[in-house]
Amino acid sequence: MSTLTYDVTAVRRDFPIFETGIAYLDSANTSQRPRQVTGAMLEYFEKFNSNIHRAAYRIAEEATVRYEATREKVRAFINAASTKEIVYVRGTTEAINLVAFSWGRKHIKSGDLIVLTLLDHHSNIVPWQILAAERDARIEYVDIDERGELRQDQYAELLKQGPKLVAFNLVSNALGTINPARDMVAAAKKAGATVLVDGAQSTPHQPVDVRALGCDFYAFSGHKMLGPTGAGILYGRRELLEEMPPFMGGGDMIRTVAIEGTTYHDLPWKFEAGTQAIAEVIGLGAAVDYLSGLGMDAVRAHELDITEYAYEALSDIDGLTMFGPPPSRRAGVVSFALDGIHPHDLATIADRDQVCLRAGHHCAMPLMTRLGIAATARASFYVYTQKEEVDRLVGSIKEAQRIFA
Amino acid sequence: MATADDQFYREYILDHYKNPRNFGRLEHPDISHEEDNPLCGDVVGMDFQVKDGVIEDIRFHGRGCAISQASASLLTERLKGMSLDDAKRIDKADVIGELGIEISPARIKCALLSLKVLKVGAYGLADADEE
């Protein structure tokens, strides 16, 4: 599908929630789900609801096949080498915690350096802080420049200190900055580091190729990419996953259990203990199908179109400050502040107009501190966003300015 | 657009936000306490001057949304000249009643931040007195 023929009206018809009349500008927080996703989940509940990997009857086989089918869909979607490298988790947060707990506790020793960035989400900061405190390791953060882009000069200096791990997000959730991930991964690998890329904000919005990216781990959430909450993915290079100890112990992750000890299941099931989020994983598979159908290049082009439109519309408003880089180097996220109006007040006023807008620190408090602000208002866009919704946001901003004048 | 009967941003709330009463710091406060709401970054702090168990003077400082700041401003007006014992009896319903608007669950923490400052501050002094 080319950008010229991208039919947002047709896309919106797949999302019943828009019949409520809302303007939904908070997709970086969580996306909406199309009928295809909720339908796939409903079909599971109504036609073959049963547990996977255990039962010898027909509907359980069907459930297992559908559940496992998502793995191949995701593998192809991010171009991983094998489905053994695709681990189901609840979301990005669990994926990163899994790596911090399993890989981190095995490899991070006293005095080791972990490099993170000021653009990182708390979910890619706190697990490493916990690990660093436990192991007496050291964390350094790559600073940003005045455009909200990572300071590559400082990053290069930090790499000279030989970090054990480098972890950063491909796209900043707070500012929308698209980081030069391929170059950053290559430099980190050259410096001998293991690299985790937080793909929570990139996977839903642009083509992703983990092998071209060259990272060791890549984490993302299903609920930001049209899937349900509770299903996400950890991609890990097979050699690393093979030698990592399990994250959680329990059913389904074992080969044999004896009183004397346990042998673990093969990849990827070694990391999937307990009864899984079956319906959610099936829903995630349907979401991947939906996005693949649109084409990720077309998705990115559509979002860029909306982002440029929003950037221009917001630039025309007096007393409005935008944060982050120009549209071509940012994802579909516009973070801004209004003189004399707190983001929460704007969000409340926008809500009166059925405009869903995020206000807060966006789980990026170190970044907010660096910017010298407590919070921003954030509008974020997705496959179903239309320009009329941006116009409604502009209307809400003007209404807020009138009330607070 | 917001409807005409939308009472949330009433004139006097905006007035307290734009022209906060008792705003600033006291030089020698008997009680000084600050609280924040980490979710949205709202901050409210209060300085109290207390004599014979009565709040003789009060100032507040902080930053945040209209609801948190107006709530603090309104509370300081009420507290000035009040006994500490009476101040301790002020509860959530009083503060929300004073604002005179319907507060959604999402904004309740903004409205009650100043009350938290008062409670922790006032009881903190009581403890100090006992020592």
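Biologist: Through how many residues does a hairpin join strand 9 of chain A to strand 10 of chain A?
Modeller: This is a predicted model, in which local features need pLDDT of at least 70, side-chain atom pairs count only at pLDDT 80 or more, and totals for chains, interfaces and linings use all residues. Residues are numbered from 1 along each chain as its sequence is written, while chains are lettered from A and ligands numbered from 1 in the order in which they are written. Strands (E, at least two residues) are DSSP runs, numbered from the N terminus, and two of them pair if DSSP finds at least two bridges between them. Strand 9 and strand 10 (residues 261-264) of chain A run antiparallel with 4 bridges, and the hairpin between strand 9 and strand 10 of chain A passes through 2 residues.

Biologist: Which residue in strand 10 of chain A is the bridge partner of A:Thr256?
Modeller: Strands of a sheet pair through backbone hydrogen bonds, either parallel or antiparallel. Here strand 9 and strand 10 of chain A are antiparallel, and the partner of A:Thr256 is A:Thr263.

Biologist: In what order do the 3 strands of the open sheet in chain B lie?
Modeller: The edge strands, each pairing on one side only, are strand 1 (31-37) and strand 3 (54-63) of chain B. Strand 2 (residues 42-51) of chain B is joined to strand 3 by 9 bridges, and the antiparallel sheet has the order 1-2-3.
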